[in-house]
Amino acid sequence: MSINQSAIPAHKEQNNRSRNPLQQVKDLVRTNLVSTITVTVAGSLLLTGVSAWNIWSIYNSFQSTVTKQFELQKTSDQLIYQDEFLTMSAQMLVSTGNLDWETRYNQMVPKADASLKKFLAGITAEQRAAASKTDGAAAKLFELQTKSFKLVEQGKQKEASQTLMGAEYAAQKKIFGDGNGAVLAQVDRSIQAELGNYQQQLLISIVFAGVTLPILLGSWTFVLAAVRDYIRDRLAAQIEIEQSQQNLLNLNQALEVESQNHREQEKIVREERDTLQQDISELLDVVSNIEAGDFTVSANVNNRATGLIGDVLNRLVEELGLLLSQVSIEAQQVAANSHLQDKIAATVARSSGEQTESVNQVLALTQTVRQSANDAATQLAATDRSLGSLQTAVTDGELKIGSLDRGIDVLQQGSDRIVQQMKALGEFVGLSDRFVDDQTEIATQTQILALNASLVAARAAEQRDPRQFEAVAREFESIAGQVSQLAQQTNEGLASLEQRNSQIHRVVSDVDGEVQRLGSLVNSFTLGVKQTREVFATVQSVTGQVVKAGEVVSQTSQTIINSADSTARSIAAIATLSAQIDAQSQTARSISTQMNELSAGLISNIQVFKLPAQKSIVSLPMIAVATPELLSMPDLEPILAEPSHQFN
Amino acid sequence: MIATQTPPTAKQTILADRFILTEVERFTLVFPAVWVAQIVRIDRFQILDLPFYAPLLTGIVHHNGQIIPLIVAARLLKVKNAIKERLVVVKLNDSAGSIANIGLVVDRAIGSSTRPDLPPDLFAATSTGSQMMMMRPDLIPSDLWQPQR
């Protein structure tokens, strides 16, 4: 991978000055990416190698020191064990006199010498010099032990024991032990010092590694970020180049299509221009024919603008031809209607005379109606007086029925009181029934008690010692008999009481039935009176309605008289109007003559134009066109249809 | 009815010759007095129904510390009878054999009587046709105590 420095835009160089130091470092790394990566890799390898070598050397030294320490510790433990073994073997020999202990002692001596040599070889010269201080004591102790062994062999066990248990042996033993302890302590201190050195070196190595690791991480982070940015920029540039190339291709294709469209449009415009010149020539021919008064010609219609003009021109010519045809037909109809109107005016003049005669007849009839209405009003007044007397009689009858109704109310109240008393009697009988039931219950219970008592008495009587229970049994039996008799008597008395209660029940039921029948009779009587009162009320309302009807008839008669007067006045006005109509009909006849002459002139003028063949032209009916006002007067139509109509 | 409400007399009869007479509809049901522990009256609401047993076993009732199964005598005699609100129950004792300690519901207790006062045909083994009947254990079906469902 190579970095082309010239590819970096110049404005980025200028912006570097205004950026922060971190950004400047990033830019520097991107600028010198290959050399930066090389330096970073070399530095990383160097630092890693130094750290690895340092840790490896510390590990080796530490391993050898630990091994040495274990060996010294093991040898020291063997020396202590062997010294104790020798001491105890010697003491056991002098104590027991058994020479086997001497044999064991002698077997251990060479091992102790070998261990001592091994120990002295593993320590420093200074430590060996300190250890040599105990050699005298060791030799003395060995001498004393050898002496005691010889005494034991000579049978002087007591002297041998005194030798090993003596003060000199103990003093030499103490010197030997203290000297060995001091040497071992010195060896231990030496080993601890070496371990401290190794720990310090290891700490320095860890600190070194801790310092170099963030440096390496930062360096690699910068390098990787720079590589990532470079790749991203390169991909973006590649995408932009591809897009530009695609845009150029699309533009080239669009230009080619546009050029082709231009050529086709030019050809179409040329063809349309030729066609338009031909269409305009044809239209000019059609206009010339129309100018000459020929409305049968038509222009060509197509989907071009000239076709639209030709279509509009054709519709104009067609509408104009239709209009002129309509005017011709209308003029002919006006002429025909003028003749008809002339005839109608004559008919109206004739009918006006007949109408005058009819009006005279109506006036006579109206006088007759007025006379008849006066007679009806007189008869109605007499009827009204008769109805007044009838209404008075009905009011008297209603008063009498009211007094009868009050008497019936008194009777009904008495009947209600009887019913209440019978109810009280029924309740008393009910109480008596409950008493009977209670007594029956008591009697049944008493009887059952008596039976139980008799059973108890019988069982007592059957006991093995009859003398003891005989009296009790007899007494029980007696009581049971008495209670039973009492129950029977109570039953009998209750039966008779029940019979009496039944009789009272029957009597009460009979009385209740009688009272209910009386109540029903009173109710039916009350219903009859109510119906009579309703009949009276109906008669009264009907009489009132008749009186009101008489009044209405009287008012109607007066209305008829008034209507007859107004009819006479209206007929007189109609006679006046008919005279006016007669005069106007004469005027209409002269106007229709003038219209006839005008329509004849219009028809002759229209004959000049050459019109298209007649289509189904909508035209009004002749009578409607001629006399719409006449048709809007429905009363006049039958008169026109039958001029000889008269009022009868 | 011959021996109804017989009053006790000076002449004592042994318990074996005494009989308790009860009324069930048109019948007179006779119980040997030696079978009868006592005659009690109970209210209908005291009866605990036994729906899983035959209809003849009307229910059970708790009386004086004992559980008494109840049989309606009218159903035993196959006559229609509505159960009243307050019932008369003849409770049998251990002497009744296979029907010991049950209670028979009757319409009412008539009284007691002795053997000579009762018709002789009442004591025949198969006396079932007359109006007066002697209570026998074989009148009660043997499967009465088996649940029906």
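**Exercise 1.** Classify Arg315(A) from its relative accessible area of 48%, then describe its salt bridge with Asp311(A).

*Solution.* Step 1: buried means under 20% relative accessible area, exposed means over 50%, and partly exposed lies in between (1.4 Å probe, protein chains only). At 48%, Arg315(A) is therefore partly exposed. Step 3: a salt bridge needs a side-chain nitrogen of Lys or Arg within 4 Å of a carboxyl oxygen of Asp or Glu. In this pair the closest N and O atoms are 3.9 Å apart. Step 4: both residues belong to helix α9 (residues 305-461) of chain A, four residues apart, or about one turn of the helix. Helices (H or I, at least four residues) and strands (E, at least two) are DSSP runs numbered from the N terminus.

*Conventions.* The model is predicted: local features need pLDDT of at least 70 and side-chain atom pairs pLDDT 80 or more, while totals for chains, interfaces and linings use all residues; side-chain values use heavy atoms, without hydrogens and water. Residues are numbered from 1 along each chain as its sequence is written, and chains are lettered from A and ligands numbered from 1 in the order in which they are written.

**Exercise 2.** Describe the salt bridge between Arg44(B) and Glu85(B).

*Solution.* Step 1: the closest N and O atoms of Arg44(B) and Glu85(B) are 3.5 Å apart. Step 2: the two residues are 41 apart, so the pair links distant parts of the chain: Arg44(B) sits in the loop between β3 (36-43) and β4 (48-49), and Glu85(B) in the loop between α1 (73-76) and β7 (86-92). Step 3: Arg44(B) is partly exposed because its relative accessibility is 38%, whereas Glu85(B), at 57%, is exposed.

**Exercise 3.** Which residues form the nonpolar patch on the surface, and how much accessible area do they have together?

*Solution.* Step 1: a patch takes residues with over 30% relative accessible area and no salt bridge; like charges are joined within 9 Å, nonpolar side chains (Val, Leu, Ile, Met, Phe, Trp, Tyr) within 5 Å. Step 2: the members are Val41(A), Leu45(A), Trp220(A) and Leu224(A), with about 380 Å² together. Areas come from the Shrake-Rupley method with a 1.4 Å probe; for residues, only the protein chains shown count as cover. Step 3: α3 (33-96) and α8 (167-291) of chain A each supply at least two of the residues. Step 4: Leu45(A), which lies in α3, is exposed because its relative accessibility is 61%.

**Exercise 4.** Compare the secondary structure and the burial of the two chains.

*Solution.* Step 1: chain A has 13 helices and zero strands, while chain B has one helix and ten strands. Step 2: buried residues make up 24% of the 648 residues in chain A and 48% of the 149 residues in chain B.

**Exercise 5.** Where in chain B does pLDDT stay under 50?

*Solution.* Step 1: pLDDT is the predictor's confidence in each residue, from 0 to 100. Chain B averages 85, and 87% of its residues score at least 70. Step 2: the score stays under 50 over residues 1-11. For this stretch the model has 21 contacts (heavy atoms within 4.5 Å) beyond four places in sequence. Step 3: where pLDDT is low, the predicted coordinates should not be read in detail.
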